[in-house]
Amino acid sequence: ELYPLDFDGVTGYLADTPGFSMLDFVRFDFFGKDDLPGTFREFRPYLGHCRYTSCTHTKEEDCAIVQAVRAGKIPESRHDSFLSMYRDLKDKHDWDKK
């Protein structure tokens, strides 16, 4: 079952399904890689505070999110989840949609 959610103007869904163990971000169009950082509520206070406006929040110098992870303000496990989803989405193109 999917439940629509709205947090601070960011909409999404909560999946509550027994046995549901993965989301296929490549085959289905949940959101794009540019929208991904906003889906992590821990990241929101740091968005817009990176050195580069096109920061991917993966490894850039002076990335506010990477610095917050190193400082223990964002759990490393949450950033690892972000990196995993980012890798899935980074090579997805409009023509890949099915």
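Colleague: Leaving aside neighbours within four places in sequence, which residues is Phe40 in contact with?

Modeller: This is a predicted model, in which local features need pLDDT of at least 70, side-chain atom pairs count only at pLDDT 80 or more, and totals for chains, interfaces and linings use all residues. Residues are numbered from 1 along each chain as its sequence is written, and side-chain values use heavy atoms, with hydrogens and water left out. Contact means heavy atoms within 4.5 Å. With those neighbours set aside, Phe40 is in contact with Arg78, Ser81, Phe82 and Met85.

Colleague: Which residues touch the most other members of the largest nonpolar core?

Modeller: A nonpolar core is a set of buried Ala, Val, Leu, Ile, Met, Phe, Trp, Tyr and Cys residues joined through side-chain atoms within 4.5 Å. Buried means under 20% relative accessible area (1.4 Å probe, protein chains only). Of the 17 residues in the largest core, those touching the most other members are Leu36, Phe40, Phe43, Cys63, Ile74 and Phe82.

Colleague: Which elements give two or more residues to this core?

Modeller: Helices (H or I, at least four residues) and strands (E, at least two) are DSSP runs, numbered from the N terminus. The elements giving two or more residues are α1 and α2 (76–90).

Colleague: Which side chain does a polar contact of 2.8 Å join to that of Glu42?

Modeller: Glu42 is found in the loop between β2 (10–15) and α1 (64–70). A polar contact is a pair of N or O atoms within 3.5 Å; within protein, one must be able to donate a hydrogen and the other to accept it, and residues adjacent in sequence count only if both atoms are side-chain atoms. At 2.8 Å, the partner of Glu42 is Arg78.

Note on methods. Buried < 20%, exposed > 50% of the residue type's maximum accessible area, 1.4 Å probe, protein only.
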